[in-house]
Amino acid sequence: VKSLTTEERQTIDRAIKEAVDSVEQRMSTFNPESELSRFNGSLDPGPFALSPDTIRVLEIAQQVHALSGGAFDPTVGPLVDVWGFGPKKVEGGPSAAEIAPLLDEVGFDNIVVDSKGKSASKLLPSVRVDLSGIAKGFAVDQVAASLLELGYADFMIEIGGETVVHGESEKGRPFRIGVERPTVGGGRTLLDVLILTDLAVATSGDYRNYREVDGKRVSHTIDPRTGRPIDHRLASVSVVHESCTFADAMATALNVLGPEAGMALARSEKLAAQFVVRTAHGEFESHATQSFKGLLVGQDKE
């Protein structure tokens with residue numbers, strides 16, 4: 001493998017920074033001047049002009065929202081906030097009376113995307129969009145596209161757990177990507193190893209981000225259909241796909257759906273997905289679709 005010159009490394013670093021910064025400037029909800037923040041703040045029901053990148057992410061978000069029956073919904077923010085996972089700390093959990101009106105503010109069906117006109121509009125003025133469940137995957141895809149444009153064919157990119165690999169590793173073979181075993185403590189152990197070429201893998205899980213409410217462990221993942229945190233036995237979901245953007249959103253959707261409904265959707269859509277489920281004894285067991293099993297080291301395992 002050819003070693004990179006200092007100039008080549010600087011060019012790569014610059015391309016990566018530009019790709020990530022571009023996504024941040026368009027889709028951050030923390031930056032009040034971002035495209036998405038300005039769209040969220042607009043009360044005008046008419047079309048709001050958006051960049052092709054933001055339109056593309058909204059299109060994929062709509063696709064996953066429809067496939068999952070609303071389990072993936074970027075307008076879930078008000079419910080995330082009231083459960084104490086937003087910018088403000090809250091004590092305890094919300095009552096049913098507090099949740100009910102918020103459900104009226106949540107619904108990705110209230111966003112109309114005009115792909116040709118490169119704009120979006122709101123059917124409900126108060127609705128706001130948070131793309132944090134998909135934008136990270138898109139950022140990884142954008143970095144990959146930048147590296148390919150520079151002429152680099154062999155690389156691995158990982159941002160916050162979302163990964164894209166292209167070509168071969170420096171050992172001249174397909175990349176091997178570890179799938180983490182969920183743990184509540186700080187340690188990290190390996191569950192499985194994937195052999196990937198020109199693919200992305202994204203994982204969604206609730207085993208680290210949670211809080212205690214009335215002595216009960218509450219997940220940060222909120223089911224937008226009920227307004228309440230998920231409470232099934234699913235600890236994490238990993239999805240392999242050509243698009244990290246799609247894999248990122250779908251992993252979240254399957255995590256919300258849970259082990260049974262999630263597996264049913266993964267099989268019907270022929271997705272490469274793995275579900276790690278808590279057992280009654282506090283251990284973990286893995287269930288994967290056939291297409292995911294085919295990507296594992298030792299793929300004859302069940």
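Among contacts (heavy atoms within 4.5 Å) in the protein between residues at least 6 apart in sequence, 61% join residues at least 24 apart. The model is predicted: local features need pLDDT of at least 70, side-chain atom pairs count only at pLDDT 80 or more, and totals for chains, interfaces and linings use all residues. Residues are numbered from 1 along each chain as its sequence is written, and side-chain values use heavy atoms, with hydrogens and water left out.

Nine helices and 15 strands form the secondary structure of the protein; these are DSSP runs numbered from the N terminus, helices being H or I of at least four residues and strands E of at least two. The radius of gyration, taken over C-alpha atoms, is 20 Å, close to the 19 Å from the globule rule (2.2 Å times the number of residues to the power 0.38), so the protein is as compact as a globular protein of 302 residues.

| Property of the protein | Value |
|---|---|
| C-alpha span along principal axes | about 60 × 50 × 35 Å |
| Buried share of the 302 residues | 47% |
| Accessible surface | about 15200 Å² |
| Carbon and sulfur share of that surface | 51% |

Buried means under 20% relative accessible area (1.4 Å probe, protein chains only), and accessible areas come from the Shrake-Rupley method with a 1.4 Å probe.

At the start of H7, a side-chain oxygen of serine 243 lies within 3.3 Å of the backbone nitrogen of threonine 245. Glycine 258 follows H7 and has a positive phi, near 95 degrees.

Note on methods
A polar contact is a pair of N or O atoms within 3.5 Å; within protein, one must be able to donate a hydrogen and the other to accept it, and residues adjacent in sequence count only if both atoms are side-chain atoms. Buried means under 20% relative accessible area, exposed over 50%, partly exposed in between (1.4 Å probe, protein chains only).
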